[in-house]
Amino acid sequence: MPRYAQLVMGPAGSGKSTYCSTMVQHCEALNRSVQVVNLDPAAEYFNYPVMADIRELIEVNDVMEDDSLRFGPNGGLVFCMEYFANNFDWLEESLGHVEDDYILFDCPGQIELYTHLPVMKQLVEQLQQWEFRVCGVFLVDSQFMVESFKFISGVLAALSAMISLEIPQINIMTKMDLLSKKAKKEIEKYLDPDMYPMIEDSTNILKSKMFKKLTTAICGLIDDYSMVRFLPYDRSDEESINIVLQHIDFTIQYGEDLEFKEPKDCEEVKSALVDEYFQDQVDE
């Protein structure tokens, strides 16, 4: 039987560990068994039980304290991940082999791991050899995505991971519960974006004609090929968590022998957010 994996990625501070924790709790309420593997050798704290922890293999602080290496934090993390890639047998032993495994891999946030370094691609290929169906879950902090030029940067980061890893990917805006009512209304247009209006928003800020042309070309490419859309993730809302889980399950065909359920469309999610916003206005 196939095994299932979510590769939880995103910039530092985007909420990867919090996502894993809330997803585990949500699945427990559904009587589903979900395990977590920590792949961040620089992690200091997470509030979920782990099936395996890369820090048992190698830790950033130990690398940084090695006088023969003399690495800083970023160089130390890259060294740790490359060491990990040369010791996948440790991961195989830690995972064991249980049919119908469903595992969340809490990954580091350094963007270079998903752009020009081969480590994460090697991990994906190894998991696939172990009969895992892998889905990338790329998180971005919604608090930094309410301006068009920041949104375009977030889209490019998500695209970089998608192109590098060559696996199905679900993009998620986290921390929706921390947005103000005004920001929740504003964020609606970024969930399933129309890039051409954003070109106008961004070019009004940019003074350089060269960068205006570059921004226009990037926005046009994203829009023409419908490359990116986002799902909102509110950790305090069980329905929001369930919608994200449904999309991921559908992507990796989890429970294909169970009753088929089409995931709720992003339009329904956006509509729910707008309804919530106007209801709050009425309550006030």
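Helices (H or I, at least four residues) and strands (E, at least two) are DSSP runs, numbered from the N terminus. Serine 21 belongs to helix H1. The model is predicted, so local features need pLDDT of at least 70 and side-chain atom pairs count only at pLDDT 80 or more, while totals for chains, interfaces and linings use all residues. Residues are numbered from 1 along each chain as its sequence is written, and side-chain values use heavy atoms, with hydrogens and water left out.

**Overall make-up**

The protein contains 11 helices and seven strands. Of its 284 residues, 49% are buried; buried means under 20% relative accessible area, exposed over 50%, and partly exposed in between, with a 1.4 Å probe and protein chains only. Contact means heavy atoms within 4.5 Å. Among contacts between residues at least 6 apart in sequence, 75% join residues at least 24 apart.

**The sheet**

Seven strands form an open sheet with parallel pairing, in the order S3-S2-S4-S1-S5-S6-S7. Two strands pair if DSSP finds at least two bridges between them. Strand S3 (52–53) and strand S7 (230–232) stand at the edges with a single partner strand each, so one side of each is left without a neighbour in the sheet.

| Pair | Bridges |
|---|---|
| S1 and S5 | seven bridges |
| S1 and S4 | five bridges |
| S5 (residues 132–141) and S6 (residues 169–174) | six bridges |

Strand S1 is largely enclosed by the rest of the structure, because seven of its seven residues are buried. Arg3, Ala5, Leu7 and Met9 point one way from S1, whereas Tyr4, Gln6 and Val8 point the other way.

Strand S6 is mostly covered, with six of its six residues buried. Gln169, Asn171 and Met173 point one way from this strand, and Ile170, Ile172 and Thr174 the other way.

Helix H6 (residues 148–165) lies across strand S1 (3–9), S5, S6 and S7, and runs at about 150° to S6. Axes are lines fitted to C-alpha atoms, for helices over the stretch in contact, and angles run from 0 to 180 degrees between N-to-C directions. Helix H10 (residues 238–252) lies across S1, strand S4 (102–106), S5, S6 and S7, at about 145° to S5.

In helix H5, the buried residues are Val119, Met120, Lys121, Leu123, Val124, Gln126 and Leu127. An α-helix has 3.6 residues a turn, so residues three or four places apart point the same way. The cover over the buried residues of H5 includes S1, helix H3 (73–85), helix H4 (88–95), S4, S5 and H6. After H5 comes glutamate 131, with a positive phi near 70°.

Isoleucine 111 is found in the loop between S4 and helix H5 (119–129). Its relative accessibility is 38%, so isoleucine 111 counts as partly exposed. From isoleucine 111 to alanine 157 the C-alpha to C-alpha separation is 7.6 Å, although the two are 46 residues apart in sequence.

Is serine 21 buried or exposed? Serine 21 counts as buried, because its relative accessibility is 5%. Apart from neighbours within four places in sequence, serine 21 is in contact with Asn47 and Tyr48.

Helix H1 (residues 16–29) gives the largest share of the lining of the second largest pocket, namely six residues. On a 1 Å grid over the protein atoms alone, a cavity is a set of points where a 1.4 Å probe fits but cannot get out, and a pocket is an open set with protein on both sides within 12 Å along at least five of seven lines; lining residues have an atom within 4 Å of a point. The second largest pocket holds about 390 Å³ of space, where grid points are joined across faces, edges and corners and a volume is the space filled by probe spheres set on the points. Its lining comprises 24 residues, of which Lys16, Ser17, Asp40, Tyr45 and Asp106 lie nearest the centre.
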